[in-house]
Amino acid sequence: MKGFNFKLLFSAVILVAGFGSSIQAQDIAPLVMVPDHPGGVSVNGCFRSNETLFGPYRVTFCFDRRGSFQVRGGGTRCDGRMDWHTSGRDIFMDLHRTSCGRRQAWEAASVDCRPLGFLGNLGRVIVGDTPRIRTLRCTYHPTVPGVSRRNFTATRI
């Protein structure tokens, strides 16, 4: 009986340790590396392009667990999903093709971004005084043949 209780206790400890580590891993936000913050700066929140892309269209993207983007302009409203990850100081996004209604769709595309500037473009969150990125320099890579890539800046909203 004592052997059984020891096995049960050992199993419970392993189970609790496994749950604890998975919860902590989900709560850790991806980081981008910037020189004045060698530990990295958390990537989170939403950013809106400061320029229009391809005519009247302005893109907004949100770095949350699922990743999302919006395209607005010219009477068009598109809401789509995106996959994203960080590497070093770069952020990489893959926008999924999404329907915009009225027989329109926004293409699948990729976007890569990097924090613009260093000291002047890092803001602070009031609670916890955590540094945040304010502005990104991005390149939009379309998948439509014959359409060239576009550079733009995006600001946290």
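Predicted model: local features only at pLDDT ≥ 70, side-chain atom pairs only at ≥ 80, totals over all residues.
Residues are numbered from 1 along each chain as its sequence is written, and side-chain values use heavy atoms, with hydrogens and water left out.

Reader: What is the handedness of the disulfide of Cys-46 and Cys-62?

Author: Cys-46 and Cys-62 form a disulfide (a pair of cysteine sulfur atoms within 2.5 Å), with their sulfur atoms 2.0 Å apart. The torsion about their S-S bond is about 110 degrees, so the disulfide is right-handed.

Reader: Is Cys-113 buried or exposed?

Author: Cys-113 pairs with Cys-138, their sulfur atoms 2.0 Å apart, and the pair links strand β10 (residues 109–115) to strand β13 (residues 135–141), strands being DSSP runs of E with at least two residues, numbered from the N terminus. Because its relative accessibility is 2%, Cys-113 counts as buried.

Reader: How far apart in space are Tyr-57 and Arg-72, C-alpha to C-alpha?

Author: Tyr-57 is found in the loop between β3 (45–49) and β4 (58–63), and its contacts (heavy atoms within 4.5 Å), leaving aside neighbours within four places in sequence, include Arg-72 and Trp-106. Although Tyr-57 and Arg-72 are 15 residues apart in sequence, their C-alpha to C-alpha distance is 5.5 Å.

Notes:
Helix = DSSP H or I, 4+ residues; strand = E, 2+ residues; numbered from the N terminus. Buried < 20%, exposed > 50% of the residue type's maximum accessible area, 1.4 Å probe, protein only.
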